[in-house]
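Please keep the sequence and the model in view while reading the numbered points.

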Amino acid sequence: MKPTATPPARRRFDRRAAIVAVAAATAAAAPIALPPLAAAAVTGFAALGFAGLCCRTAVRLRRLRRDVAAGERTALLLHRLARAAAHDPGTVRRIRRVAEALAGGFPVSAADEARAVARSGGAHISERLALVRSIAEWQRADRQSPPPAGRAGFDIVVVSHFGLPGGTTSANEAEIKVWRDHGLKVGLLHHPVYDWEPNAPVHPRIQALVDGGAVSLIDREAAVECDLALVRLPIVMMKPLERRPEISARRTAVLVNQTPYQYYGDTGPRRPAWDVATVARNVEQWLGRPHWYAGGPRVLAALHEHHAAEIAGLDLDPEPWNEVIEVADWRLDGRREPDGRIRIGRHSRDHELKWPEDRRTLLQCYPERDPFEIHVLGGAEVPSRILDGLPANWTVHEFGAVPARDFLARIDVMSYFIASDGLEAFGRAPLEAMAAGVPVIMDPQFEPTFGPAAVYCGPAEAAAAAERLAADPDAYAAQRSAAWDHLDRHFSARALMERLPLGSASERPRQWTAPGRAGDRRRVPAAADDRG
């Protein structure tokens, strides 16, 4: 039977309990086993260590009580509003957002939102005053909480949104595992996007990697130093955390795994996602001047073609930062047993950017005729709207309903086509299919990213390409081998470690520095009010 994993919080408690036990045993044994002066020194050191541990625990408990009290007050207020005969749903949402902003590290924005609610007429005056008082009480308790002592040291600190369900979390998970397995100490700063969900939780797959040793979540009150601070997902820096740790980094890098605009069509970019100048300013003010990496060749090309003036002053690397995947973790034992049917698979978020935008192209890429079956992981509301209902040969699983590797074992090929003017930064799902040994049929726009690892054609040729692969075992096997070889050279752990801009072992930070005050981080740092 597979042992049950111990929760990270329990592991931290066990370690602290062990430290206390060792300190107590040392203090008790010292007078018996050592000369008087040595015994006194050992006992003193044990007492100091015990006192330091107790101090840190007391600070954490005080902050926990502060945040729990604020959450309880807001919950009570929301409950009263919900029971009222007449209430404004918009006001209820704004009050809930106040609580989320406080808990998520955005106290200035929480106070601004609370003042806006207080000035509105969506709730009774007593409720509005109660909300403002709850903010004032949180701030008073916050001022009384001393900053933690000591500075934690890491090889790498990753600043990213660790709560997303898609490719960003998969890429973070894969790289964290590589760094951990290569003996690096990794710190993770969870940075939600304020406009999406200010207090979004950490994804369980990331939380499962946190052990408090090789991989640690960084508290927003902490002070840390590292060899490399890596920002992944630049949109998080459009509005940096207003309560954030003091990070002293020898090197800083920004990984652009999302283009500044969502679409790049013939008429030019549209639907902005983030602003280059705002992100560059906020990163530099907090972490130092960064080196920039494009998250794939297509992102690099888009930056040069559409944002040349904006990136003119940036230190942009000429080579892209490819994602990492361990083929051994994904490789299937063999292909699905042939049964006369051809199962075309598709794995992605159900977003309009991820699908061809017209009926004709959709049915070319995912045909409704025999001998094809279309299997989708990630939902299919977008194609259902385009097609006015899904064909009978479609089988759809919601996002995350089936483990990706299990899904890939059930299909013959993957067909990956997106909106004609969409720009996919990378494409984690096809990378996983290639690693599993499932041939991928793609639009030629992806060839700079994946090279010989995929089969490229237009939508009109996608069905014929799938039929050729399914009918020719040698071609199928050759495509699998070509993909595995390309992934080993460009997307492996070795390739990641060779790219990683770390100093020598002697230059990297120690795991812990001598305890001392880390400075007053209760003030909101510069640029915290940048709305972008």
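How many salt bridges does a search of the whole structure find? The search finds 20 salt bridges, a salt bridge being a side-chain nitrogen of Lys or Arg within 4 Å of a carboxyl oxygen of Asp or Glu.

1. Basis of the note. This is a predicted model, in which local features need pLDDT of at least 70 and side-chain atom pairs count only at pLDDT 80 or more, while totals for chains, interfaces and linings use all residues. Residues are numbered from 1 along each chain as its sequence is written, and side-chain values use heavy atoms, with hydrogens and water left out.

2. Overall composition. The protein has 19 helices and 15 strands; helices (H or I, at least four residues) and strands (E, at least two) are DSSP runs, numbered from the N terminus. Of the 532 residues, 50% are buried, where buried means under 20% relative accessible area, exposed over 50%, and partly exposed in between (1.4 Å probe, protein chains only). The protein exposes about 24500 Å², with carbon and sulfur atoms supplying 55% of it; accessible areas come from the Shrake-Rupley method with a 1.4 Å probe, and for residues only the protein chains shown count as cover. Among contacts between residues at least 6 apart in sequence, 76% join residues at least 24 apart, a contact meaning heavy atoms within 4.5 Å.

3. The parallel sheet. An open sheet is formed by 7 strands in the order β3-β2-β1-β4-β5-β8-β9, with parallel pairing; two strands pair if DSSP finds at least two bridges between them. Its edge strands, β3 (215–217) and β9 (315–316), each pair on one side only. Strand β2 (residues 186–190) pairs with β3 over 3 bridges, and Gly187 has Ser216 in β3 as its bridge partner. Strand β8 is in turn joined to β9 by 2 bridges, and His291 has Asp315 in β9 as its bridge partner.

4. A loop residue. Where is Glu197 found? Glu197 is in the loop between β2 and α7 (204–207), and its relative accessibility of 37% makes it partly exposed. The C-alpha atoms of Glu197 and Gly163 are separated by 9.9 Å, although the two are 34 residues apart along the chain.

5. Salt bridges. Arg232 forms a salt bridge with Glu175, with 2.9 Å between the closest N and O atoms. Because Arg232 lies in strand β4 (residues 223–232) and Glu175 in helix α6 (residues 167–181), the pair ties together parts that are 57 residues apart in sequence. Both Arg232 and Glu175 are buried. A further salt bridge brings together the side chains of Lys239 and Glu242 at 3.3 Å, N to O, and both of these residues are buried as well.

6. The closest N and O atoms of Glu432 and Arg428 are 3.6 Å apart in a salt bridge. Both residues lie in helix α15 (residues 428–436), 4 residues apart, about one turn of the helix. Glu432 is buried with a relative accessible area of 5%, and Arg428 is buried with 9%. Elsewhere, salt bridges that share partners join Arg341, Arg343, Asp370 and Glu373 into one network.

7. Aromatic pairs. A search of the whole structure finds 8 aromatic pairs; rings of Phe, Tyr and Trp (its six-membered ring) pair if their centres lie within 6.5 Å, with planes under 30 degrees apart counted as stacked, over 60 as edge-to-face and the rest as tilted. The rings of Tyr416 and Phe446 are edge-to-face, because their centres are 5.8 Å apart and their planes stand at 65 degrees. Tyr416 lies in strand β13 (residues 413–416) and Phe446 in the loop between β14 (440–442) and α16 (447–450); both residues are buried. Phe450 and Phe491 form a stacked pair, 6.2 Å centre to centre with 25 degrees between the planes. Trp355, Tyr366 and Trp394 form one aromatic cluster.

8. Charges over rings. Arg97 lies over the face of Tyr194, at 4.6 Å from the ring centre; a charge sits over a ring if NZ of Lys or CZ of Arg is within 6 Å of the ring centre and within 35 degrees of the ring normal. The charged end of Arg346 sits over the ring of Tyr416, 5.1 Å from its centre.
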